[in-house]
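Work through the exercises below with the structure open beside the text. Each task is followed by a solution in steps.

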Amino acid sequence: MADATCAGCGCACDDIEVTVANGRLAGLTRTCALGDAWFAERGGDRPPVALVEGRAVSVDDAVDAAAAVLKQARAPLVYGLGETSCEAQRRAVALADAIGAVVDPAGAGAAQSASQAIGSSTATFGEIRDRAEVVVVWRADPVVTHPRLLERLRLDRAALVVIDAQPTATAEAAGEFVELEAARDFEALWALRALTGRAPLDRSATPPLERLAERLRGARHLAFIHGALDELAALALLSLVRDLSRDRHAVTLGLRDAGNARGAEDVLAWQTGFPAAVSFARGHPREGPGAAALLERGDVDAALVVAADPLVQLPAAAADRLRGLPLVVVDARGTATSRAARIAFAAAADGIEVPGTLHRMDGVPVPLRAPLAAERPGIEDVLAAIGGRL
């Protein structure tokens, strides 16, 4: 048996045990379905280590070809980062700086921009587990998207309140469910601010929120776990938590799908001051538009994709534009994007063949251990080699 960390979602469970036989993963303990899929994608058969125009070539030749594409680009894009180590993410940001690219971490949403605008109060899993008297799950279904989260938080059913447009698997595990149309998030969160602050408000249309406001006012420690929100809703949620924090301990925890999405946000914030899309086009970092907007406007002429699958993740119009560009992909697995790329590297897998660090979605650094020996360069190595050619 060997210890391992699963990066199948933002929970980054580090209590996984793997059995190794004949240099391959032969068994897993304590993984969920997402974890099983994550290890299977990266621990099984993979494409050749380097392909150029669909032909297997040496790593050096592919690195030369990738560097040539990125050197010639006038408006390059670096996209992804969320499914590799913090060490590789730092290499990717440095490379984006060197070529004057826009770097966009896949999955960074409006909550990060809202947090930068007004600040946020956050907590670790342990703090929520040990202190929270009320936990509100807003527009998220962690039982499906992060199957071990509630197990790790050890929440009482009575403490859990779910707000969503329809009953979910998480709602079935909760003590209270409030049905709310997605379009009413901002209105409802603003009403909660008024109700918890005892401000004048027409209460005829807010009975479920009034009950929730009473619970929030009565708790000394509370947490909001939220999924993807638009910018106005994210600002309203963080404003509500800021108000509640004046005389109690109130925190938020944003769910991330990619195993190291939080790491990508943190690395970008450390190195540029911005947690989401950043442009180096003027020779210094500044907040930039995201990949989808740039691609739809035709403002990208080449792309480096790092541990992501944008042809699946991006809106159809942006994905179609991306498909027509010179593409360099560095990933540990075969994806739709790597199969469409001009140059594709199938690197050693972080957390299986390469050690490193990731940040759990609550911001806690977690070590990635390598139960298997690497027989090919890792993502960080490939990015370093490309950067060396530049």
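Predicted model: local features only at pLDDT ≥ 70, side-chain atom pairs only at ≥ 80, totals over all residues.

**Exercise 1. Helices H3 and H17**

Task: Find at what angle the axes of H3 and H17 cross, and decide how the two helices are oriented.

Solution. 
Step 1. Locate the helices: H3 covers residues 86–99 and H17 covers residues 379–389.
Step 2. Their axes come within 8 Å and cross at roughly 20°.
Step 3. Angles under 35 degrees count as roughly parallel, so H3 is roughly parallel to H17.
Step 4. The crossing in which H3 passes H17 is left-handed.
Step 5. On the H3 side, the contact is made by Glu87, Ala88, Arg91, Ala92 and Leu95. On the H17 side, Ile379, Glu380, Leu383, Ala384, Ile386 and Gly387 take part.
Step 6. Sorted by class, the contact of H3 with H17 holds seven nonpolar, one polar and three charged residues.

**Exercise 2. Helices H2 and H17**

Task: State how H2 lies against H17, and name the residues that make the contact.

Solution. 
Step 1. H2 runs over residues 59–72, and its axis is 9 Å from that of H17, at an angle of about 60°.
Step 2. That angle makes H2 oblique to H17.
Step 3. H2 and H17 have a right-handed crossing.
Step 4. H2 contributes Asp60, Val63, Asp64, Ala66, Ala67, Leu70 and Lys71, while H17 contributes Ala385, Ile386 and Arg389.
Step 5. In the contact of H2 with H17 there are six nonpolar, no polar and four charged residues.

**Exercise 3. Helices H4 and H11**

Solution. 
Step 1. H11 consists of residues 231–244; H4 and H11 pack at about 45°, with axes 8 Å apart.
Step 2. H4 is therefore oblique to H11.
Step 3. H4 passes H11 in a right-handed crossing.
Step 4. From H4, the residues Ala110, Ala111, Ser113, Ala114, Ser115, Ala117 and Ile118 meet Glu231, Ala234, Leu235, Leu238, Ser239 and Arg242 of H11.
Step 5. The classes in the contact of H4 with H11 are eight nonpolar, three polar and two charged residues.

**Exercise 4. Helix H12**

Task: Check the span of H12 against its number of residues, then decide whether H12 is enclosed or open.

Solution. 
Step 1. H12 (residues 261–272) has twelve residues.
Step 2. The expected span is 1.5 Å times one less than the number of residues, so H12 should span 16 Å.
Step 3. The end C-alpha atoms of H12 are 16 Å apart, which agrees.
Step 4. The buried residues of H12 are Ala261, Arg262, Gly263, Ala264, Glu265, Asp266, Val267, Leu268 and Thr272.
Step 5. Because nine of the twelve residues are buried, H12 is largely enclosed by the rest of the structure.
Step 6. The packing partners of these buried residues are H3, strand S7 (102–105), H4 (110–118), strand S13 (278–279) and strand S18 (356–359).
Step 7. After H12 comes Gly273, with a positive phi near 90°.

**Exercise 5. Positive phi at two arginines**

Task: Where are Arg30 and Arg139, and what is the phi of each?

Solution. 
Step 1. Recall that most residues other than glycine have a negative phi.
Step 2. Arg30 has a positive phi near 75°, and Arg139 has a positive phi of about 55°.
Step 3. Arg30 sits in the loop between strand S3 (24–29) and helix H1 (33–43). Arg139 sits in the loop between strand S8 (134–138) and helix H6 (142–145).
Step 4. With a relative accessible area of 42%, Arg30 is partly exposed, whereas Arg139, at 13%, counts as buried.

Methods:
Residues numbered from 1 in each chain as written. Heavy atoms only, no water. Helix = DSSP H or I, 4+ residues; strand = E, 2+ residues; numbered from the N terminus. Buried < 20%, exposed > 50% of the residue type's maximum accessible area, 1.4 Å probe, protein only. Axes fitted to C-alpha atoms, helices over the stretch in contact; angles between N-to-C directions. Parallel < 35°, antiparallel > 145°, perpendicular 65-115°, else oblique. Left-handed = near helix turned anticlockwise from the far one by under 90°. Contact = heavy atoms within 4.5 Å. Nonpolar A, V, L, I, M, F, W, Y, C, P; charged D, E, K, R; others polar.
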